[in-house]
Amino acid sequence: MAGALAAIVVAGLVYLHPSFPPSPRPAARPVPSAPILASQYSATYDFVTPSTGWALVVDQSAQPANVYVYRTTDGAKRWQEQFAASAQPARSGIRFFDRNHGLIFFGFPAQLYRTSDAGNQWTPVGMPPDTATSITFTDPLHGWVLAQEPGEGFAKHFFTTTNGGSSWTELPWPQRAVWGGQGGGIGSDLQFRRTNEGWLGASADQPTVYSTTDGGSSWQAHALPSLPKPNPATGGKPPPPPGSGFTFNTDVRLLPGAGVVAFVDLYAQGAAFTSFDDGKSWRALPPTPGETTYSDFAFQDSTHWWAMRFGTLWKSSDAGQSWKHVGQQIDEWDYRPHVVDARHAWAMLIGSRASGTGLAMTADAGLHWTYVKVPTPG
């Protein structure tokens, strides 16, 4: 997430390989076999360069869960443990802004730590009094938290910090605007770019997202265009008509530099729209390429996108309007790439047979991938 802490929790995912399209390039198979992080662990990675990155690993078999932070400076050839703690199992995430400054969060209630020396030392950060449901920082100083009181089923408190969490200020929560109509409200995918521009998904009777241009003091609703007509040949269902009582859930992802993608969760299909003018206009995306879904998108920049599923890599150079099949990996892993630059990326590996996850890297724009070591507690 550019601009947001993100958690990756992998548990018991099993995938069946589809029929692969013809590959325009020779199939590539990384060798030897991939090191595996056992399924009792969940891992979240963040790389600031092709060689320097961190991993937040949670041992979910322990009660309370054990939490570890590791660092690599040689492209995951070696990992060094930097931090260990314990917490009740919950969402976790890691975000580094440069080679030295970073944040981690984990546990329930959420614990937040920061570092200014590349992870050699971690300092606890005070949190707002309510239970945090979403945490995001744009830099080491500026952050926002959505929170709820015990027993509440949705977030209704909103806090911001301008000093790295040393103090928090509660902002007005636009409940009247958000909860207009029957049911619905702002989602929990809070994301900010710089210190003023922020976006949120929503639950409403028509597809809607929200944005702020003043750091969260006020929010503007953006109704998304009519959903594209489904393809009956693929079993697509038409969207419910207005007033049917159906609730549309939306999510927003920030594109690197400028622009956003808004996703609409509709049955098993979904739809997506891009905006490059702060939500004034929206353009629908065509169906995703091959066997990919919207969750498989990775962004090199605002217009160059990657999508990969079952080893098949597709690329777009026009912000998702068209796609080109560029490579195929022939192994038993499902690759979930994260792009560092035009040539370098890392990918979480999820196996169809292996019990656990792996990690791979590419230095030639995704044509070939190399298995690398995973951080293993103990």
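Two strands pair if DSSP finds at least two bridges between them; helices (H or I, at least four residues) and strands (E, at least two) are DSSP runs, numbered from the N terminus. The model shown in these views is predicted, so local features need pLDDT of at least 70 and side-chain atom pairs count only at pLDDT 80 or more, while totals for chains, interfaces and linings use all residues. Residues are numbered from 1 along each chain as its sequence is written, and side-chain values use heavy atoms, with hydrogens and water left out.

**Figure 1. The hairpin of strands β2 and β3.** Strand β2 (residues 41-47) runs antiparallel to strand β3 (residues 53-59), and 7 bridges join them. The two strands form a hairpin with 5 residues between them. Within this pairing, Val-57 of β3 is the bridge partner of Ala-43. Of the 7 residues of β2, 7 are buried, where buried means under 20% relative accessible area, exposed over 50% and partly exposed in between (1.4 Å probe, protein chains only). In a regular strand the side chains alternate between the two faces of the sheet. In β2, Tyr-41, Ala-43, Tyr-45 and Phe-47 point one way, whereas Ser-42, Thr-44 and Asp-46 point the other way, and all are buried.

**Figure 2. The hairpin of strands β10 and β11.** Strand β10 pairs with strand β11 (residues 143-148) in the antiparallel sense, over 6 bridges. A hairpin is formed by β10 and β11, with 5 residues between them. Phe-137 stands opposite Gly-143 in β11. Strand β10 (residues 131-137) is mostly covered, with 6 of its 7 residues buried.

**Figure 3. The surroundings of Gln-328.** Gln-328 belongs to strand β27 (residues 324-328). Its relative accessible area is 4%, so Gln-328 is buried. The side chain of Gln-328 reaches two backbone oxygens by polar contacts (pairs of N or O atoms within 3.5 Å; within protein, one must be able to donate a hydrogen and the other to accept it, and residues adjacent in sequence count only if both atoms are side-chain atoms). The backbone oxygen of Phe-310 is reached at 3.5 Å, and that of Gly-311 at 3.4 Å.

**Figure 4. Charged groups over aromatic rings.** A charge sits over a ring if NZ of Lys or CZ of Arg is within 6 Å of the ring centre and within 35 degrees of the ring normal. Arg-309 lies over the face of Phe-310, at 5.5 Å from the ring centre. Lys-315 is placed over the face of Trp-306, at 4.2 Å from the ring centre.

**Figure 5. Aromatic pairs, with Trp-199 and Trp-282 in view.** Rings of Phe, Tyr and Trp (its six-membered ring) pair if their centres lie within 6.5 Å; planes under 30 degrees apart count as stacked, over 60 as edge-to-face and the rest as tilted. By this rule the protein has 24 aromatic pairs. One of them, formed by Trp-199 and Trp-282, is edge-to-face, with 6.1 Å centre to centre and 90° between the planes. This pair links distant parts of the chain, 83 residues apart: Trp-199 is in strand β16 (residues 197-200), and Trp-282 is in the loop between β22 (271-275) and β23 (283-284). Trp-199 is buried because its relative accessibility is 2%, and Trp-282 counts as buried at 15%. Elsewhere, ring pairs link Trp-54, Phe-83, Phe-96, Phe-106, Tyr-113 and Trp-122 into a cluster.

**Figure 6. Val-372 in strand β31.** Val-372 is located in strand β31 (residues 370-372). With a relative accessible area of 10%, Val-372 is buried. Not counting residues up to four places away in sequence, Val-372 is in contact (heavy atoms within 4.5 Å) with Pro-35, Gly-75, Ala-76, Leu-359, Ala-360 and Met-361. The C-alpha atoms of Val-372 and Ser-33 are separated by 9.7 Å, although these residues are 339 residues apart along the chain.

**Figure 7. The loop position of Asp-74.** Asp-74 occupies the loop between β4 (65-72) and β5 (80-87). Its relative accessibility is 15%, so Asp-74 counts as buried. The side chain of Asp-74 makes a polar contact with the side chain of Arg-78, at 2.8 Å.

**Figure 8. The protein as context for the close-up views.** The secondary structure comes to 1 helix and 31 strands. Of the 378 residues in the protein, 51% are buried. Among contacts between residues at least 6 apart in sequence, 46% join residues at least 24 apart.
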